[in-house]
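Please open the model in your viewer and keep the sequence panel beside it. The tour goes from one selection to the next, and at each stop it says what is there.

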Amino acid sequence: MTGSFTLAYVPGVTPGKWARVWQERLPETGLTLVQVTAAEAARKVREGEAGAALLRLPGDREDLHAIPLYTETTVVVFPKDHEFAAAGELSLEDLRPYVLWQPLDDALEWDEVPGQPPVERPETTADAIELVAAGVGLLVVPQSLARLHHRKDLKHAPLTDAPQSRVALAFPVRDENPELVEHMIGIVRGRTVNSTRGPAPEQPQQKSQQKPQQQRRSPARQQPKQPAKRAKPRRGR
């Protein structure tokens, strides 16, 4: 199969393992990986600039299907000399005394943001990281973003009761998906090369109401009739 396919992905998501499987299965079909911002991902797919996107849920899903792939661990980022530095894990209650940054590209969905509200919201997660590194406030993000923005002067620890984000493959809502989209769906779902997403499995055929024809039996051979034996006359007493 020839042609090409564009897969967009948001920061922190690593599509490399799926790209390798694509190259093995479709060596003649080029795969282009394009990193986009969280705000751009859904639009790129809707406008046809990408065949599909790896993005985070919850988020913009208008006119898109989304197949959740995995759930990310949520962590809090703080300076390495912070009092949390020795903590194995933390809870939202531990964050209440501190300013908690919530950037405009926040990947988490909060019912109520813990901690002290900041004066303003940073534009991006990268901007919030800079503020934390300067010793101002804390930041809660998926662990993949904390690793992406790793700095020697920062640490992070898991939050046990924080909301979580899910990474998903998003693609346009259609009655039928293009063949290359189907291939990508199969790859991220871990299907083998012989598997297909395909339609619903066929229903088993109903058994015919007619009884199967019974094998005809050859007529039994008639045995030749034996002549009847004459009864012996009974002797008188």
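By the rule used here, the count comes to one cavity of 30 Å³ or more, where a cavity is a set of points on a 1 Å grid over the protein atoms alone at which a 1.4 Å probe fits but cannot get out. Grid points are joined across faces, edges and corners, and a volume is the space filled by probe spheres set on the points. This is a predicted model, in which local features need pLDDT of at least 70 and side-chain atom pairs count only at pLDDT 80 or more, while totals for chains, interfaces and linings use all residues. Residues are numbered from 1 along each chain as its sequence is written, and side-chain values use heavy atoms, with hydrogens and water left out.

**Stop 1: the cavity**

Select Leu100, Trp101, Gln102, Asp106, Trp110, Val113 and Val140, which line the largest cavity; lining residues have an atom within 4 Å of a point. The volume of the largest cavity is about 40 Å³. Sorted by class, its lining has five nonpolar, one polar and one charged residues, where Ala, Val, Leu, Ile, Met, Phe, Trp, Tyr, Cys and Pro count as nonpolar, Asp, Glu, Lys and Arg as charged, and the others, Gly among them, as polar.

**Stop 2: the four-stranded sheet**

An open sheet of four strands has the order E6-E7-E5-E8, and its pairing is mixed; two strands pair if DSSP finds at least two bridges between them. Strand E6 (100–101) and strand E8 (154–158) are the edge strands, each pairing on one side only. Select strand E5 (residues 74–79) together with E8, and you have two strands that run antiparallel and are joined by five bridges; Pro79 has Leu154 in E8 as its bridge partner.

H3 lies across E5, E6, strand E7 (138–142) and E8, running at about 140 degrees to E7; axes are lines fitted to C-alpha atoms, for helices over the stretch in contact, and angles run from 0 to 180 degrees between N-to-C directions. Contact here means heavy atoms within 4.5 Å.

In the loop between E5 and E6, find His82. Is His82 buried or exposed? His82 is buried, with a relative accessible area of 17%, since buried means under 20% relative accessible area, exposed over 50% and partly exposed in between (1.4 Å probe, protein chains only). Not counting residues up to four places away in sequence, His82 touches Tyr98 and Leu138.

**Stop 3: the five-stranded sheet**

Next, select the five strands that form an open sheet in the order E2-E1-E3-E9-E4, with mixed pairing. Its edge strands are strand E2 (30–35) and strand E4 (64–71), each of which pairs on one side only. On average, and with direction ignored, neighbouring strands of this sheet are turned by 25 degrees against each other. E3 and strand E9 (residues 166–172) run antiparallel and are joined by five bridges, and Leu57 has Arg166 in E9 as its bridge partner.

Helix H1 (residues 16–25) lies across strand E1 (4–9), E2, E3 and E4, and runs at about 165 degrees to E2. In the loop between E3 and E4, look for Arg61, which counts as partly exposed at 42% relative accessibility.

**Stop 4: helix H5**

Select helix H5 (residues 179–188), where seven of the 10 residues are buried, so this helix is largely enclosed by the rest of the structure. The buried residues of H5 are Leu180, Val181, Met184, Ile185, Gly186, Ile187 and Val188, and what covers them includes E1, H1, E2, E4 and E9. H5 is followed by Gly190, whose phi is positive, near 80 degrees.

**Stop 5: the largest pocket**

Finish at the largest pocket, with a volume of about 520 Å³; a pocket is an open set of points with protein on both sides within 12 Å along at least five of seven lines. It is lined by 23 residues, and the closest to its centre are Pro11, Thr37, Ala38, Ala39 and Asp105. By class, the lining of the largest pocket has 13 nonpolar, six polar and four charged residues.
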